[in-house]
Amino acid sequence: MRITCHSNDSTTCNIVAGQNVFAAISEFLEQYRQQKEKIFVLVDRNTRQHCLPILLSNVPGLQFSEILEIEEGEESKSIQTAISLWENLSMHSPGRNTLLINLGGGVVSDLGGFVASTYKRGIPYINIPTSLMGMVDAAIGGKTGINEGKVKNQIGTFTLPAGVFIFPGFLSSLPAYHVKSGYGEIIKYALIADPDLWEGIKCSHFSEFIAHPFDESQWNFFIHKSIQIKTGIVNSDFTEKGSRALLNFGHTIGHAMESLSMTPGHRALSHGHAIALGMICESYLSVQKTGLPKQVLEEITAIILADFDHFRLSAQDITRLVALLLHDKKRTGEEVRFSLIENPGKAHYGIPCSNSLVMESIDYYNLLAVSSSDHNTNADKIPGK
């Protein structure tokens, strides 16, 4: 598969996925080898061990590249790590045509893209995602970013990579929990843009799907669908002045949950896990603001809780969650603007919700029964039920 993403200034990025991806990478790198430009590969500890050897053995032109390593995890998306990487680049005296290759999941592509887009006012970079989250979301679309303290993606740029190269075979080495994180984003794509994909998700639980031996053709289907949806939206609104905000469904409350989970005394949620739980809250808001049928809210709640553990919020947690929402980039005055759904496949953006209604959605989520046997959707808590 080959699909093109483009920015407002007509800069383009080819996204290549499939078995021939390593040949495509070698072809892309030929210009840098001919010009004898420096090539750096950014990895974390996990991708250095499990993915870098596969890349190097299939792309001989990278044998003499410089390897930059960071700690795995969301904590690495910090200004301190960015400064360390800038210093590493400076130490090797690269020019503005130096290439940075981001080999990893969402943290590596977000951080590496930010470092590349700001170093010497911008050096080229490519993404080679190794996680499902990276393949279907983080590596696509040119959003780069780092966190400010525990607040997600407060500092960043819109800068397209020079290319994105996706090898689904990397997924075979991932723990199920990390694969499931990417599945949360696939659910989002179905709910905002593809009712047929949503019907397919309803037919089988993800836990059953990943229990089978790794099937690359099945993953290719999900990856291709997701890329098509995301690039279609990004191409219409690269810098998120309008419709690109549709991609934020589940992310407003989900990002706040993710940030909260990284504070002491909590178990850290993966990005996709937090977004899945955020979609429960924002589906509740959709019932109130965009007419989502209550039955669909119940279906969404049941399907998400079938595969994603409930993250119980204490009264103190809810106070902190609301405080985190105050930092949301989509906030205007006393209200936060949400992307909400009218039905699976039909979404709206820029919907203002009062603090009291947001609190209602959090209460709905927090009171859900979490028994794995019945997945009670707490339907009696929906107003008008």
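A residue counts as buried when its relative accessible area is under 20%, and as exposed when that area is over 50%. The structure described here is a predicted model.

Glutamate 258 belongs to helix α11, which spans residues 251-261. Its relative accessible area is 2%, and glutamate 258 is therefore buried. Leaving aside residues up to four places away in sequence, glutamate 258 is in contact with Glu74, Lys152, Leu269, Ser270, His271 and Ala274. Serine 314, by contrast, sits in the loop that links α13 and α14. With a relative accessible area of 34%, serine 314 is partly exposed.

The table sets out two C-alpha separations involving these residues.

| Residue pair | Separation along the chain | C-alpha separation |
|---|---|---|
| Glutamate 258 and valine 43 | 215 residues | 23 Å |
| Serine 314 and glycine 95 | 219 residues | 51 Å |

**The seven-stranded sheet**

Seven strands form an open sheet with mixed pairing, in the order β1-β2-β9-β6-β5-β3-β4. At its edges lie β1 (residues 2-6) and β4 (residues 66-70), each of which pairs on one side only. On average, neighbouring strands of the sheet are turned by 20 degrees against each other, with direction ignored. Strands within a sheet pair through backbone hydrogen bonds, in either a parallel or an antiparallel manner. Within β4, isoleucine 70 stands opposite aspartate 44.

Helix α5 (residues 106-118) packs on this sheet, where it touches β3, β4, β5 and β6. The direction of α5 makes about 170 degrees with that of β5. Helix α1 (residues 21-34) lies across β1, β2, β3, β5, β6 and β9. Relative to β9 (residues 163-166), helix α1 runs at about 150 degrees.

**The α12 and α13 pair**

Two packed helices are described by the angle and the distance between their axes. For helix α12 (residues 271-289) and helix α13 (residues 294-307), the axes come within 10 Å and cross at roughly 175 degrees. Angles over 145 degrees count as roughly antiparallel, so α12 is roughly antiparallel to α13. On the α12 side, the contact is made by Ala276, Leu277, Met279, Ile280, Ser283, Tyr284 and Val287. The residues of α13 in this contact are Lys294, Leu297, Ile300, Thr301, Ile304 and Leu305. By class, the contact has ten nonpolar, two polar and one charged residues.

**Helix α14**

Beyond the loop that holds serine 314 comes helix α14, covering residues 315-325. Its buried residues are Asp317, Ile318, Leu321, Leu324 and Leu325. Because these residues cover an arc of only 120 degrees around the axis, they lie on the same side of α14. Ala315, Gln316 and Thr319, on the other side of α14, are exposed.

Strands β11 (residues 335-343) and β12 (residues 346-353) run antiparallel and are joined by six bridges.

Methods. Residues are numbered from 1 along each chain as its sequence is written. This is a predicted model: local features need pLDDT of at least 70, side-chain atom pairs count only at pLDDT 80 or more; totals for chains, interfaces and linings use all residues. Side-chain values use heavy atoms; hydrogens and water are left out. Axes are lines fitted to C-alpha atoms, for helices over the stretch in contact, and angles run from 0 to 180 degrees between N-to-C directions. Helices (H or I, at least four residues) and strands (E, at least two) are DSSP runs, numbered from the N terminus. Angles under 35 degrees count as roughly parallel, over 145 as roughly antiparallel, 65 to 115 as roughly perpendicular and the rest as oblique. Contact means heavy atoms within 4.5 Å. Ala, Val, Leu, Ile, Met, Phe, Trp, Tyr, Cys and Pro count as nonpolar, Asp, Glu, Lys and Arg as charged, and the others, Gly among them, as polar. Buried means under 20% relative accessible area, exposed over 50%, partly exposed in between (1.4 Å probe, protein chains only). The arc is that of the directions from the helix axis to the C-beta atoms. Two strands pair if DSSP finds at least two bridges between them.
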